[in-house]
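Have a look at the model first, then read on.

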Amino acid sequence: MYQQQGGDNFGTYREGDGHDGYGYRADYPPQEEDAASDVTEGHDEEDQMYEGEYQGIPHPDEVKAAQRAARAKGQAARDAVSELEELSEQYEDIMEDCGHGKFQWTLFMVLGLALMADGVECYVVAFVLPSAEKDLCLSNAEKGMLGLIVFVSMMVGAFLWGGLADKVGRRRCLTVALAINCVFAFLSSFAQSYGFFLFFRLLSGIGIGGTVPIVYSYFSEFLQMDKRGEHLSWLCMFWMIGGIYASFTAWGIIPRYGWGFSMGTEFQFHSWRVFVLVAALPAITSLVGLSFMPESPRFLLENAKHDEAWMILKQVHDTNWRAKGQPEKVFTVTHIKAPKTAEDEFIEIQSATGTAVQRWAVRSLTLCRQVLRNVASLLSAELRFVTLLMAIIWFCMAFSYYGLSVWFPDMIKHLQYEEYRSKVKLFHNEKMLCAMVSLFSVDLWEEKFINCKMENTTFEHNKHSCYLDTVEENDVLIYLVSFLGSLAVLPGNIISALFMEKIGRVKIIGGSMLISAGCTFFLFLSFSQSAIIALQCLFCGVSVAAWNGIEVVTVELYPTSKRATAFGVLNALCKLAAVLGSTVFTSFVGITKIVPILLSFTALMCGGLLALKLPDTQEKILQ
């Protein structure tokens, strides 16, 4: 039994009533409020409030204490994070201090021109084929190979340059890739044989194939988190501008066949070759502008190049604040975390010995191993699910988009042919009297008159088989369809850019792909050329939002050391899907519309539903 005595002193502890016990008195000063003895543990007032927490009634002071403890714990966790995670957080803080301004907009224009060049490349061969097939005497198989080589070369280029950009540098790889494209595009315009033209376009495509994975990775590393989604979406608009530029210049140059010159019979330079030169102008302009741009500081820090990265970040900071009228604002960063990797040390050790050829061989071999190891790491335990999910989404989107993009103009040509056949009149066992035949008619060839007896008739043609007339025999409808299809992308680009941060990447990708799948069912109503053109514009305008979201998410899902590699692999898969889609869809032109429509609907539905499973990267710091 415990009895409390008067005052603040402890009382007497007795065991039982009337039994001998021991007396305990302590004349100690009063204890602190939150102190407790071992004897009374579990019975003081604060411990009773602690028990109340289990009933859902926390004390306000305890909430504040918990918040302070959480912050302390977070600080302790930040102290224990890896070097790369610490670098990511510090880099994001630095980019916020640098702000978004003149430097980013200048880089935006330079990289936009590179992306525009990629868009132009997809149209060049398609636009020149009607003229090149006559100038180079191309068979149907050779024309098909030219169309195929565009996507195959871009597929190789995306894989190659994407992997190298993570090891050599974004700016350096993009410069070399654009230079290769410019040189071989220029040479292809002068090629007088099919073999040389095919070879030069192959190398030109390998060069331009690296622009998409490098451009998005490069630009994203100069953007702060709250600006990333919107400005990457604006950058996507340049691909559409490339399609408009190609359609407009082809429309204005190629049909005017009088533009050109010849040197005997061995060298011909007609208007379609002029168009090939003009199509290379965006790549040339971007290449010149890129010479004034720095390397990505995020890449330099990843490769332990602290001083170079610091100078570039200071340049970004000073350029932006000077343009905003605050030149006195000082770049206060003095130290940036820069981890040293074992791969760099390996190259340095090996390159310090041997001849120049041996050093080059060691560097090249080591670089190839690093790139392949980086590609294999995309299927590691931490990235496997994301990589497979993104691969399916990229494939489904590309298969439908590029398949329908080729199917639309082919269907228009088919309808034109059906209309022509409906107006053709066949004569059998009839006698005809022709007073005059137009010299420019291409339908009245002598071999078209089967089992006919010709009297007082003369057929005059300057050339047989491979011929070129001076009239505008190129169908301008192909340019008009491509121009309208590219222009229809503009509203979708604007909407996706404005709402990328508000709605979220995942909802934009999934919603746009599902809406695009619904649009494909309207293709059952495409019985005229105007209906097909309208449906093409609708499909392109809706699907571009999905493309923008896919490219933004791809950048944000992967760390800096694997970003361009992952983008290159996925973009290469996109080009493979484009080849399959265009081949499958065109094989059903004139046979049935049901199979292409169902294939595109199924692919878009699957991709859209899987996109909803993607992780949200909107508030994610670039790793």
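Start with a greasy spot: I494, I495, L498, F499 and I503 make a nonpolar surface patch of about 420 Å². Keep in mind that this is a predicted model, where local features need pLDDT of at least 70, side-chain atom pairs count only at pLDDT 80 or more, and totals for chains, interfaces and linings use all residues. Residues are numbered from 1 along each chain as its sequence is written, and side-chain values use heavy atoms, with hydrogens and water left out.

What gets a residue into a patch? Patch members have over 30% relative accessible area and no salt bridge; like charges are joined within 9 Å, and nonpolar side chains (Val, Leu, Ile, Met, Phe, Trp, Tyr) within 5 Å. A salt bridge here is a side-chain nitrogen of Lys or Arg within 4 Å of a carboxyl oxygen of Asp or Glu. The areas come from the Shrake-Rupley method with a 1.4 Å probe, and for residues only the protein chains shown count as cover.

Now pick out L498, which sits in helix α18 (residues 489-503); helices are DSSP runs of H or I, at least four residues, numbered from the N terminus. L498 is partly exposed, at 43% relative accessible area (buried is under 20%, exposed over 50%, partly exposed in between).

Next comes a charged spot: E85, E86, E89, D93, E96, D97, D226, D616 and E619 form a negative surface patch. Helix α3 (residues 83-98) gives the largest share, 6 residues. D616, in the segment after α22 (594-611), is exposed, with a relative accessible area of 56%.

Definitions and conventions
Lys, Arg positive; Asp, Glu negative; His and termini not counted. Charge placed at Lys NZ, Arg CZ, Asp CG, Glu CD. Helix = DSSP H or I, 4+ residues; strand = E, 2+ residues; numbered from the N terminus. Buried < 20%, exposed > 50% of the residue type's maximum accessible area, 1.4 Å probe, protein only.
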